[in-house]
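Keep the structure open while you read.

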Amino acid sequence: MQQERRQYFRIASQVAVHVEPVEGNKHVSLEMLEQERPKAFALVNDVNQIAMEAERLVRQLDRTDPTVAEFCRNIDKRIQLLTRFIALQALSDPVEQKLVSISGNGLRFTTDKAFEKGQVVRVELMLPDSGSTILCFGEVVDTRKVDDGFEIAVTFTVISEADRDAIIRHVLTREAELLRNKKESGEIGAST
């Protein structure tokens, strides 16, 4: 278990998150996950996939016609804003924007709700950089009482590979941002 947890990089990040227990701790599967996935989540993820594929073409266009490339990026930003709005409407209430420690394997967060170790949970996430919306199931692997509630650690047990990839991309993007910020502030030296 310890080796599996260290399989992915982990980063602290502000994300929209909603975690709720699965009634009766019932067995969950990928088929059940797909049945429960809101249609808006699929739309947002499809739009994100198209944007990633189009970015290569826009970078090529940058060399020949930077004005058209900038126009394409502007249109993409508008589409992303609309799809994020649609996704936010599909998230369960209440969705809180909170600081979590996240990796491709799970997340750790604080909440005012108590969860039991071994409890099966339904997790909804919206990642801020890409707007990716994720629905997965997990298991509570650690729970601790802290000053402002409970610190809960969840391992993802049922998650699509596309959603895991979106989390990994988010973690790598945040790590690159943090390193860039440290470099700009002089906290780390320039690489040679």
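1. Start with K182, which sits in helix α5. Helices here are DSSP runs of H or I with at least four residues, strands are runs of E with at least two, and both are numbered from the N terminus. K182 is partly exposed because its relative accessibility is 38%; the scale calls a residue buried under 20% relative accessible area, exposed over 50%, and partly exposed in between, using a 1.4 Å probe and protein chains only. K182 and R56 are 126 residues apart along the chain, and 28 Å separates their C-alpha atoms.

2. A word on what you're looking at. This is a predicted model, where local features need pLDDT of at least 70 and side-chain atom pairs count only at pLDDT 80 or more, while totals for chains, interfaces and linings use all residues. Residues are numbered from 1 along each chain as its sequence is written, and side-chain values use heavy atoms, with hydrogens and water left out.

3. Now the overall layout. The chain has five helices and six strands, and from the N terminus on they run α-β-α-α-α-β-β-β-β-β-α. Along the principal axes, the C-alpha atoms fill a box of roughly 60 × 45 × 30 Å. Of the 192 residues in the chain, 38% are buried.

4. A contact means heavy atoms within 4.5 Å.

5. Next, the largest nonpolar core. A nonpolar core is a set of buried Ala, Val, Leu, Ile, Met, Phe, Trp, Tyr and Cys residues joined through side-chain atoms within 4.5 Å. The largest one has 23 residues, and I102, L107, V123, L125 and I167 have the most contacts inside it. At least two residues of this core come from each of β1 (10-21), β2 (96-103), β3 (106-111), β4 (120-126), β5, β6 (149-158) and α5. β1 gives the most, with four residues. A second, separate core has 14 residues, including V22, V28, L33 and A87.

6. Leaving aside neighbours within four places in sequence, I102 is in contact with F9, R10, I11, S13, L107, L125, L127, I167, H170 and V171. I167 is found in helix α5 and counts as buried because its relative accessibility is 0%. I167 and A40 are 127 residues apart in sequence, and their C-alpha atoms are 18 Å apart.

7. Is H170 buried or exposed? H170 also lies in helix α5, and at 1% relative accessibility it counts as buried. Not counting residues up to four places away in sequence, H170 touches S13, V15, I102, L127, P128 and D129.

8. T143 is in strand β5. T143 is partly exposed because its relative accessible area is 28%. Beyond neighbours within four places in sequence, T143 is in contact with F115, K117, E151 and I152. The C-alpha atoms of T143 and K117, which are 26 residues apart along the chain, are separated by 6.3 Å.

9. On cysteines: a search of the whole structure finds zero disulfides, a disulfide being a pair of cysteine sulfur atoms within 2.5 Å. C72 is partly exposed, at 30% relative accessible area, whereas C136 is buried, at 0% relative accessibility.

10. Finally, the largest pocket. A pocket is an open set of points, on a 1 Å grid over the protein atoms alone, where a 1.4 Å probe fits, with protein on both sides within 12 Å along at least five of seven lines; lining residues have an atom within 4 Å of a point. The largest pocket has a volume of about 620 Å³, a volume being the space filled by probe spheres set on the points, with grid points joined across faces, edges and corners. It is lined by 26 residues, and N48, Q49, M52, S130 and S132 lie nearest its centre. The elements giving two or more residues to that lining are α3 (39-64), α4 (66-90), β5 (133-146) and α5 (161-184), and α3 gives the most, with eight.
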